Amino acid sequence: MRLRLDLAYDGTAFRGWARQPGLRTVQGTLEAAIARILGGEPQLVVAGRTDAGVHAAGQVAHLDLTEAQQARLAKGRSAAPEALAARITGVLGPYPDVAVHRTAVAPAGFDARFSAVWRRYEYRIADLETSYDPLERGRTTTVKARLDVEAMDAAARSLIGLHDFAAYCKWREGATTIRTLLEFGWRRDEHGILVANVKADAFCHSMVRALVGACAAVGEGRLEIAQAAAIRDAGVRTSGTKVLAARGLTLTEVGYPADDLLAQRAEQTRAHRSLEAE
């Protein structure tokens, strides 16, 4: 039995998603909680591995249950797979910094990582025009300048499309940096916070934080609007691609195709990633 889990977390106290010996991570925390309920050695597969300090409001993972784990689930007071979310919450305690909002039997062919067709992130910046809100400090980056949101939005929109984003990615041997940036724009919310919407088929390491860093430089007047795309096309990281802090970044949503296309999408993605040696 494969389960889909929809979850959220405050990444502040985590050393990222992926399990690491001796470090507190989202994956490690959740797998330990699930093991207390179902036994065995649960292994979660996630739609997008987030770095240390990055948050998630719409993360998706899947979990394959062994026959023994299925038997333990069936013997519980709340035996339905849909009730596992509440049981995990009970183990995590009253005010955990990670929560599973929903568990359900996954459709045939579903793979949280490889079936995904896009991921969406939000990035939040408070500048000198924004009143400091201590309640938002965990998910908002501060830039000590007055930022021109219209210039930032123009720079962001100039980056949309299928391109090689090597200049905006942390290099990893054998990994491709070609991505389709589907949406990228900036606005101020009702409190004056600058909010970026960033959506792509996939992201390479540090890509979102580098993209918003370049836009912040445009907003400060340190870069011209056209330089954001020029840096991308040059394919070389520069001081204009400063990576902003993790605290401002939240994974908000993961998109999947219709159920009858899930297996096909996963197969296509696996083949593509294999060719790229990722």
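In the structure, K199 lies over the face of W118, at 4.2 Å from the ring centre; a charge is counted as over a ring when NZ of Lys or CZ of Arg is within 6 Å of the ring centre and within 35 degrees of the ring normal. The model is predicted, so local features were required to have pLDDT of at least 70 and side-chain atom pairs pLDDT 80 or more, while totals for chains, interfaces and linings use all residues. Residues are numbered from 1 along each chain as its sequence is written, and side-chain values use heavy atoms, with hydrogens and water left out.

A search of the whole structure finds three aromatic pairs. Rings of Phe, Tyr and Trp (its six-membered ring) were paired if their centres lie within 6.5 Å, with planes under 30 degrees apart called stacked, over 60 edge-to-face and the rest tilted. One of the pairs, Y9 with W17, is tilted, at 6.3 Å centre to centre and 35° between the planes. Both Y9 and W17 are buried, where buried means under 20% relative accessible area, exposed over 50% and partly exposed in between (1.4 Å probe, protein chains only). The pair of Y121 and F203 is edge-to-face, because the ring centres are 5.3 Å apart and the planes stand at 90°. Distant parts of the chain are linked by this pair: Y121 belongs to strand β5 and F203 to the loop between β9 (194-200) and α5, 82 residues apart. Y121 and F203 are both buried. Helices (H or I, at least four residues) and strands (E, at least two) are DSSP runs, numbered from the N terminus.

The loop between β9 and α5 also holds S206. This residue is not a glycine, yet S206 has a positive phi of about 70°. Most residues other than glycine have a negative phi. S206 counts as buried because its relative accessibility is 12%.

Helix α5 (residues 207-220) has 14 residues and spans 20 Å from its first C-alpha to its last, close to the 20 Å expected at 1.5 Å a residue; the expected span is 1.5 Å times one less than the number of residues. Of the 14 residues of α5, 13 are buried. Just after α5, G221 takes a positive phi of about 90°.

The largest nonpolar core contains 77 residues, of which Y168, F184 and W186 touch the most other members. Its largest share, ten residues, comes from α5. Such a core is a set of buried Ala, Val, Leu, Ile, Met, Phe, Trp, Tyr and Cys residues joined through side-chain atoms within 4.5 Å. Beyond its neighbours within four places in sequence, Y168 is in contact (heavy atoms within 4.5 Å) with residues including S206, M207, A210, L211 and A214.

The loop between β4 (98-105) and β5 (118-126) contains S115, and D111 is found in the loop between β4 and β5 as well. S115 counts as buried because its relative accessibility is 0%, and D111 counts as buried at 6%. The side chain of S115 reaches the backbone oxygen of L262 at 3.2 Å. For D111, a polar contact of 2.8 Å joins its side chain to that of R270. A polar contact is a pair of N or O atoms within 3.5 Å; within protein, one must be able to donate a hydrogen and the other to accept it, and residues adjacent in sequence count only if both atoms are side-chain atoms. Leaving aside neighbours within four places in sequence, the contacts of S115 include Y256, P257 and A266, and those of D111 include Y256, A266 and H62.
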